[in-house]
2 protein chains.
Amino acid sequence: MSKPYSPSRPLRLSDVERWDIETDVAVIGFGISGACAAIEAKNAGAQVTIFEVAAASGGSAALSGGDIYLGGNGGTPAQKAAGFEDQTEDFVKYLMMAGGPGADEARVRLYAENAVAHYHWLVEQGLPFKNSYLPGKWLEPTTDDTLIWSGSEAAWPFAQQAKPAPRGHTPQMKGWGAGKLIMETLTAKAHSLGIESHFSSRALALIADQDNRVHGLVVRIDGEPRMVRARKGVILCSGGFICNEEMVKRYVPASRVCPNPTSGGNDDGSGIRMGMSVGGDVLNMDQFFATRPFYPPESLVKGIFVNELGQRFINEDAYHGRVTHYMLRQPNDRCWLLVDSTMFERPVTYPDITVAAVGETWEEVEQELGIPAGELVHTVERFNRHAEQGEDPLWHKDAEYLQPLIEAPFAALAYGGKDYIGTSFTLGGLSTLPNGQVLTPEGEAIPGLYAAGRCACGIPRWGEGYSSGMSLGDSSFFGRQAGRQAAGA
Amino acid sequence: MSKPYSPSRPLRLSDVERWDIETDVAVIGFGISGACAAIEAKNAGAQVTIFEVAAASGGSAALSGGDIYLGGNGGTPAQKAAGFEDQTEDFVKYLMMAGGPGADEARVRLYAENAVAHYHWLVEQGLPFKNSYLPGKWLEPTTDDTLIWSGSEAAWPFAQQAKPAPRGHTPQMKGWGAGKLIMETLTAKAHSLGIESHFSSRALALIADQDNRVHGLVVRIDGEPRMVRARKGVILCSGGFICNEEMVKRYVPASRVCPNPTSGGNDDGSGIRMGMSVGGDVLNMDQFFATRPFYPPESLVKGIFVNELGQRFINEDAYHGRVTHYMLRQPNDRCWLLVDSTMFERPVTYPDITVAAVGETWEEVEQELGIPAGELVHTVERFNRHAEQGEDPLWHKDAEYLQPLIEAPFAALAYGGKDYIGTSFTLGGLSTLPNGQVLTPEGEAIPGLYAAGRCACGIPRWGEGYSSGMSLGDSSFFGRQAGRQAAGA
C-alpha cells in the first residue's frame with residue numbers, strides 16, 4: 001500500500017495480503033462501552049479482542065464521577081430504599097423529553113424497561129453500591145452514598161410531565177471520581193474472562209469489501225500496521241470527538257465557548273469517521289454537553305440568573321448543564337447569578353468566581369453591571385414578591401428553592417463566557433439500532449459493524465436535556481447490546 | 001444486480017456491464033445550481049448532461065421570490081445607483097456573522113470578492129435587472145424594482161459590526177415569484193448552448209470504484225436503469241432534504257414546528273445521501289431556514305414581540321427568519337406581536353392571523369393572554385419610555401422603528417407554533433471546497449464528485465443568520481465553480 005491508512009477510507013478486503021490477528025469480535029476502545037461490549041460478547045461464546053490506543057483501559061469513563069442513570073420498573077434497590085417509586089413510563093417520559101426533538105423512542109424504551117436488570121448486571125460484574133440516598137443538589141457524591149438527583153427530574157417542565165425520582169447511581173467510594181472504580185472493576189472482570197487486549201494500539205482503518213461489509217480492521221501495534229480479521233464483527237467503542245479540534249470546528253463549533261474537554265484525552269472521533277467511511281450515517285453532530293456548574297453549594301440554587309437585559313431566562317433548579325445551555329443563548333453570552341447574603345457561598349468547582357458586582361441595594365448592583373436602569377430591580381422585586389408566596393409564575397422554579405433576595409449585601413456572580421471556563425463533550429455520533437448495528441442513511445444495517453458509547457448517537461443526544469449519568473448508563477447498557485449482537489452474528 | 005439501487009450504496013464500477021450514456025460532466029438536478037454548473041462546464045469545453053427528476057427544469061428556485069444576495073466591491077450597479085457604497089470587507093463581516101459559529105471564511109471571501117462579477121455574469125445569461133431601489137421592509141418586491149433590504153443588515157448586532165447595505169437583488173418582473181423568470185432564462189441559455197437534458201429521470205445511485213472514485217451514476221429513464229459514464233465527474237445539484245420526512249425527523253427534527261416545506265417538491269436529500277455513500281462528509285444537518293413572516297406591512301415592525309412571560313426576546317427589525325428562530329426558543333413556543341392602533345394592519349402573508357387579545361389598556365391584553373400580572377405592562381411601559389427618547393437599551397432596535405405603543409385599542413397577534421403554520425427548508429449538506437469538490441471527514445477531495453446548492457453546506461448554513469437571497473446567490477455562484485472545476489478535471 002502506498003497510500004497511508006485513513007479512518008475515512010476502508011482498506012479493501014481484496015488488498016489484504018495476510019491476517020496478523022484473527023478473532024471473532026474486535027472491540028475498538030477499552031472505556032466503559034468497550035469493556036461492557038467485550039464482556040457480553042465473551043459471555044455469549046465469542047473470542048474477543050480489544051484494541052485500546054492508550055496504555056491502559058479506562059477511557060473517559062475512568063475520569064468521570066461514576067454516576068449511572070438508572071430507574072423505572074418500580075425502582076432500583078436504592079430508589080426503593082429511599083421511598084421513591086419509579087414507574088417505567090415516568091422514566092420513559094423523562095428520557096424522551098431529555099432526548100429533545102430527535103429522541104429515539106425504541107432506544108429509550110429498551111433502556112427504561114431494562115435499567116433495573118442492568119443495575120443487577122453491574123453488581124454481578126463486581127460494582128459495589130451502598131444503595132443509600134443523598135438528598136440535595138450535587139454534581140456527584142463526595143460521600144460513599146449511591147443515589148442523587150442528577151438531572152432536571154424535579155424541575156419544570158420535566159416534573160409536570162413525568163413523576164420525578166432521583167436516578168443518579170454512583171458506586172460506593174468516598175470522594176469524587178468513582179468512574180475510576182467502575183473501570184478498574186470492569187477491566188478486572190474482562191481480564192478474568194480471558195478477553196485479549198492490546199494497549200497502545202491505534203485503529204487506523206476498517207477493512208471492508210467493496211459492498212462495505214466489514215471484515216476487520218488495521219491496527220498499529222509496535223509501530224507496525226497489523227491486519228486484524230474479525231469474523232463476527234467490529235464494535236466501535238472509541239468515544240466521541242471533543243479532543244479533535246478540526247471535527248469540533250466543523251460539527252459542533254458552538255461548544256468552543258466551553259473549551260475544557262470532558263475526556264480522557266482520546267475522544268478523537270476516529271471511530272465515528274471509520275463508521276462513516278463504510279456508509280454509516282451520523283446524527284446530532286451539533287449537540288454537546290456543556291457546563292459551567294454553579295452548585296454545590298445548594299444555597300446558590302436559590303439565586304436567580306439574569307442576562308445583560310436584566311431578564312431571568314431559566315428556572316435555576318434545572319440541571320446545571322441545562323442551565324448552561326440557556327446561558328449560551330443570552331445576548332453576548334453574558335449572565336450573572338444574583339444572590340443575597342444568606343445564599344452566598346463560593347461555588348465548589350470554581351471558588352475564585354468573579355464577583356461582578358456587590359451592593360447594599362439592587363439598584364447599586366444593577367448600575368455596576370451596566371444593566372438598563374430599572375430592569376434588574378424590576379426582575380428582583382417581582383421575583384421576591386412571588387417567592388414570598390412560594391410561587392414563580394415566570395419560570396416555575398420549585399418552591400423548595402424560592403426565597404426572596406432581601407438580605408443585603410447583594411452580589412452578582414459572573415457566569416458568562418468571558419468569565420467562566422466551561423467544559424463540554426460531544427453527543428453526536430453514528431446512527432445505530434438499539435442492538436448496536438450501524439445504519440446507513442437508508443436505515444440499512446452495515447454487515448459486521450457495531451457502535452456504542454459516544455461513538456454512537458445514544459440516549460444522551462441533546463445538550464439541553466442531558467443529565468449526569470446518562471452517558472455511562474447508555475455506554476454500558478448499549479455496549480452490552482452491541483457485544484451480544486456481534487457475538488451472535 | 002439482484003439488489004435494488006440505493007442512493008446510500010454506490011454501484012461498483014466492476015459491476016457495470018455497459019454504458020448506456022456517456023458524457024464528460026453529469027449534473028444531477030436542473031434547478032439553479034444545476035443550471036449554472038452546466039452552463040459553466042459547457043462554456044469550459046465539456047460535454048454536459050443534466051438529469052432532472054421532474055418533468056421540467058426549475059427546482060425550488062423556480063418557486064422562489066428570485067432574490068439574489070449580492071454586494072461588496074464598492075457596490076453593485078443597483079447599490080451604487082441608490083447611493084449605497086458596499087465594501088467587500090463589510091460584506092465579508094456580515095456573511096461571517098450570518099454563517100454562525102461554523103461560518104466558512106474561504107467560501108465567504110470567494111463569494112464576497114466575486115459577487116459583483118457574478119451579477120454581471122447573470123446579466124450576460126439574460127437576466128434583466130432594473131437596478132432601482134425599493135426602501136422599506138419586504139419579503140420580496142411586488143414592484144419590478146431590484147434592490148431591497150433582504151436580511152438583518154441594518155439591525156443589531158449586524159449593523160454595529162458591518163456597515164449596512166441592502167443586498168437583495170431581484171430580476172425585473174412585476175409581482176412575486178421572480179424565481180420563475182430566473183429559471184426560464186437559465187434554462188433557455190442552457191438549451192441554447194447545446195446542453196443535453198433528461199427530464200423525469202431519477203438518479204438512483206453513484207457508480208464508483210472500490211476506492212470511492214466516482215465514474216458516473218445510475219439513472220432511471222423510462223422506467224429502466226441506465227448506466228451513465230461521466231468522464232470528468234458528477235455534480236450533485238439535487239437540492240436539500242426538507243421533503244424527506246425520514247431525513248427531517250432524523251437530522252433536523254426541530255424544523256417540524258414550521259411544517260410547510262419551501263420547496264419545489266423534490267428536495268428529497270438523495271444527492272446528499274449519494275455523496276455520503278462514497279465517504280462524503282455532511283455539515284450543519286441540524287440547521288434550517290424557518291419563517292413565520294410578520295412583515296410587510298412595515299408598520300408591524302414597530303410592534304414588539306413578547307413571550308408568555310411578558311418578556312421581549314429580539315429586536316423586531318431583524319430579518320423575519322431570524323426573528324422566527326428566536327420565537328422557536330421561547331417557552332412552549334408561545335409569543336405575540338403587540339401593536340397599537342396606529343401600527344395594526346393585517347400581515348400580507350397571513351391576513352387571517354389570530355388576534356389573541358384586544359384591549360383598551362395593556363392590563364387587559366396582559367390578562368387576556370394569561371401573562372403573569374404586571375409583566376407585560378412593565379415591558380410595554382419600559383419600551384414606551386425608551387422609545388420616546390428614540391432608544392431601545394434592551395434589544396437595540398433601530399430608531400426608525402421605535403414608536404411608543406400608546407394609541408388604544410391595543411392588540412396581540414399570535415405567532416406561536418399552535419397559531420401560525422411556518423415554513424422551512426434545510427441548510428445542511430455535503431462538505432465541499434469552494435470549488436465544489438466533495439470532502440471526506442479527513443478533508444480529502446473525493447475524485448469525480450462535486451456538489452452545489454442545498455446539496456452542499458454553503459454560505460447559508462445557520463438559521464439565525466439566513467437572509468433572503470443567500471440560497472439563490474450561493475447556489476448560482478457555487479454551481480458555477482463546481483461546473484468549471486469538473487470541466488477542468
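**Strands and chains**

Author: This is a predicted model. In chain A, strand β16 (residues 335-339) and strand β18 (residues 410-414) pair in the antiparallel sense over four bridges.

Reader: Which residue stands opposite A:Leu338?

Author: A:Leu338 faces A:Ala412, which lies in β18(A).

Reader: And in what order do the strands of that sheet come?

Author: The order in chain A is β15-β16-β18-β17. These four strands form an open sheet, and their pairing is antiparallel.

Reader: Which strands stand at the edges?

Author: Those are β15 (304-307) and β17 (355-359) of chain A. Each has a single partner strand, so one side of each is left without a neighbour in the sheet.

Reader: How are neighbouring strands turned against each other?

Author: On average they are turned by 25°, with direction ignored.

Reader: Which helix packs on the sheet?

Author: Helix α11 (residues 375-388) of chain A does, touching β15 and β16 of chain A. The direction of α11 makes about 155° with that of β15(A).

Reader: Changing topic, what rotation superposes chain A on chain B?

Author: A rotation of 180°, with 0.0 Å of shift along its axis, superposes them with an RMSD of 0.0 Å. That relation is the one of a two-fold axis.

Reader: Which C-alpha of chain A is nearest the axis?

Author: That of A:Gln210, at 2.7 Å from the axis.

Reader: What about the contact residues of chain A in chain B?

Author: The same surface serves both copies, as 98% of the contact residues of chain A recur in chain B.

Terms used
Residues numbered from 1 in each chain as written. Chains lettered and ligands numbered in written order. Predicted model: local features only at pLDDT ≥ 70, side-chain atom pairs only at ≥ 80, totals over all residues. Heavy atoms only, no water. Least-squares fit on C-alpha atoms with pLDDT ≥ 70 in both. Contact = heavy atoms within 4.5 Å. Pairing = 2+ DSSP bridges. Helix = DSSP H or I, 4+ residues; strand = E, 2+ residues; numbered from the N terminus. Axes fitted to C-alpha atoms, helices over the stretch in contact; angles between N-to-C directions.
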